[in-house]
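Before going through the details, please look over the sequence and the structure shown below. The paragraphs that follow take up a few places in turn.

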Amino acid sequence: MPDQNEIDSLVSKAVDLNNNSKFKETIALLTDELLLKYNSAALYTERADAHNGLQEYADQKHFLDKAIVIDPGYYKIYNSRGNWLAAKQDWPKALDDYNKTIALNPSYDDVFYNKGFALFNINDNLGAIREYTSFIKMKPGIAEAYNVLGLAYFNNKEYDKAIENFDQAIQLKPDNPIYYFNKGSSWYNKNDLNKAIREYDMAIKKDPQKPLAYNNRGLAYYSKSDYAAAIENYNTAIQLGSDTNTFIVYDNLGMALYKINEFDAAIKNFDKAIELNKKDHIVYDNRGRAWFSKGDTEKAIADYSTAIALDESFAEAYKDRGKARERQGSPEAISAAIDDYQKAIELDKGLDTLRVDIDFLKLQIGQKPATSEIASFIFDVSGKIADEQKRDLVRKSASRFYLNVDAIKKHTQIHPSCRVVHYTKLWVADKLVVDPETHLRYSNVTNMNDPEEGKVLRDVLIGGEGTDKIKAYFDRTKLFTNGDYSDSNVYLGSFLPAPDRKKDTHEDELVMWRTYGKDENMNEASGCSIVIDVDFFYWRTPDSRPRLFDPFLTKEKKVYEQTETSSQTTQSGVKSTDNSNEDQELYRVLYYNNIQGKIEDKADFVSAQLNEDIRTLKIIMNQLIDQRENDTDKQIDEIISRGLSELRYFFKSANYAFENEYRVIQYCVPKSRLVKFDETQKTIPRVLYVESAKPLKPYIKKIYLGPKVSHPERWMYLEVALNRHRTGEDVKVVTSSCKFQ
């Protein structure tokens, strides 16, 4: 009978060799003759594990079959067979075997690692997190366990926890480039591009031959609008060759060249990407955009149509083909564009804003708009013009005018990059915190606005060449002359940036306590500031499509899918007569320097295209003024004043540039269901307001009490109310650190 001590000694040696990846030495130790001699399930299993390590899966299965005949109750057999099934990517059966191992020996640590990996591969991220957490408690020194746990948190969009685990992996194995790569991708998804680049730098330093790191670093530079650096990184990735889909890097390079208007070079790279993969619908759509920008709508439409043929559910291609058909301008092309936009909306509710484009196209072919309040306004106002030819001309000019106003607004949209802070009164904080269903109120500007803002827009439009008619128009109509034009339909919410880094944050700042932090009696520094998570607001899908390789190196991710618009769009709704999605949109205020005659570039976001869109707005406004005759003057005046009444709140004097203010700016007609007034209010007249689409309480991150709040301890109940029923990080209510005289 075999000596059990001898078997145990051999098992111990084999385990040690396998754990150190010395698989050939294990096989040399556990020869066929030795296995026949001892007839031990444990020894057969270790031999099978060695073949698994060498990827000799047929041999692995052979020795496992021998082991299970000898002792079907030996727990390690099922762990090893689970690994064999995992190599075949038969994850459900692998999980069955891992569970059998746990049932036979719940203290065997390695099986939790393997089970977690199987769950990770079937996208059960919570299950993977559970198993890897259990494994790490048993065996805390394995770097790869922290890495895969970080990946599971990454896939679950818990990027802070992902970074914590990648840091643990780096501490254990600081020379492994993939851990820095994964950490960089987490910072990228948190939109902290500088930190992402720093980690990609480290990954490249550890292994300069990995093209994936160059691709993702290029994407981070692309997102910072540093297209030259992006192009350099993409070119390096291409020169190194690829450890995954090279065509994606060519596609990304094409997008970066497209962004700097190098359309021919972009098309060459899109051609190369298509040569490598003729089945990727995104590349065709990207090349179509380049053809469109070159003015070749026929080739653009051909590429968009190919993209649609490859993926009939690709909403962006329908949207892009609609744009190309819209540019062609014939009634037939416009009708086809409307069909494309409607199909895009049907496929992706995040594109509901195209309903506005549909309405403006309907205006051009004489159809009544169905959704957009602005388009309906133009249709109704211009309908009072008796002359049909003049009416059609005014409608086309007015459509271009309003679409250009919207283009200017889009330049100021805030992408989710940092938290914001809102200064308000303490009784408002009480109402927002104690009642979990209380929504934030956006106030009518007639009750709160600085009238100078209209004058600032007037200065913007009369500055530069070709604006004599515009200046004369303002002088004649007195529009914004004193900045006091009545905007009873516009509602504002004011916010200031509060980034995680302390530099440039306004969350606890003396000048803001003086400016905004007042109580109901207008005493300075006696209010509070509420720090709000940016997820409270509505984000539109960015209009770009470079691709990021995910940390697991198995697939690419489309950047435009990373902002979650669909679920929020259903809350904020279609762009309807109520403009109900607008109350979630957050915009950056533009600061105009009247002396220098230009917009100050407060945060590196003022683009040449913004200035070009302002110039185009002036040209279209001149055209409308030229169409102003005795029988059209009232209608054109209504159209111009309506368009500018909202746009004025995007511009402030450069004297206030230190604020770097963010705003909700919503146009809402009085008959809208969104316009409200407080029926419990005791003072008269009552104030009109509209509400945010979501309650604020779940998005509050911190509350600062003003430095002049008396007895701040009396307000600590706000902290209790905020944290009741909350999971995760506690919210703090703190007293301002500012010294206030």
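Leaving out the neighbours within four places in sequence, Thr297 is in contact with Phe292, Ala324, Arg327 and Gln328. Thr297 belongs to helix H19. Its relative accessibility is 14%, and because buried means under 20%, Thr297 counts as buried.

The model is a predicted one, and helix H19, residues 297–310, has the highest mean pLDDT among the elements of the chain, at 97. At the other end stands helix H29, residues 566–572, with the lowest mean pLDDT, 29. Over residues 558–583 the pLDDT is below 50, and this stretch has 84 contacts in the model beyond near neighbours in sequence. Where pLDDT is low, the predicted coordinates should not be read in detail. For the chain as a whole, the average pLDDT is 87, and 91% of the residues score at least 70.

Helix H8 covers residues 110–121, which is 12 residues. From its first C-alpha to its last, H8 reaches 17 Å, close to the 16 Å expected at 1.5 Å a residue. Is this helix enclosed or open to the outside? Of the 12 residues of H8, 9 are buried, so the helix is largely enclosed by the rest of the structure. The buried residues are Val111, Phe112, Tyr113, Asn114, Lys115, Gly116, Ala118, Leu119 and Phe120. They pack against four helices: H6 (75–87), H7 (91–104), H9 (125–138) and H10 (143–155).

After H8 comes Asn123, whose phi is positive, near 65°. Asn39 sits in the loop between helix H3 (32–38) and helix H4 (41–53), and at 45% relative accessibility it counts as partly exposed. Lys157, again a residue other than glycine, has a positive phi near 65°. Its place is the loop between H10 and helix H11 (159–172). With a relative accessibility of 47%, Lys157 counts as partly exposed.

Which residues make the nonpolar surface patch of about 230 Å²? Val511, Tyr656 and Phe658 make this patch. Of these, Tyr656 lies in the loop between strand S10 (651–653) and strand S11 (662–667). The relative accessible area of Tyr656 is 34%; this residue is therefore partly exposed, since that class lies between under 20% for buried and over 50% for exposed.

Key. Residues numbered from 1 in each chain as written. Predicted model: local features only at pLDDT ≥ 70, side-chain atom pairs only at ≥ 80, totals over all residues. Heavy atoms only, no water. pLDDT = per-residue confidence, 0-100. Helix = DSSP H or I, 4+ residues; strand = E, 2+ residues; numbered from the N terminus. Contact = heavy atoms within 4.5 Å. Patch = residues over 30% accessible without salt bridge, like charges linked within 9 Å, V, L, I, M, F, W, Y side chains within 5 Å. Areas by Shrake-Rupley, 256 points an atom, 1.4 Å probe, with all protein chains shown as cover. Salt bridge = Lys/Arg side-chain N within 4 Å of Asp/Glu carboxyl O. Buried < 20%, exposed > 50% of the residue type's maximum accessible area, 1.4 Å probe, protein only. Expected span 1.5 Å × (residues − 1).
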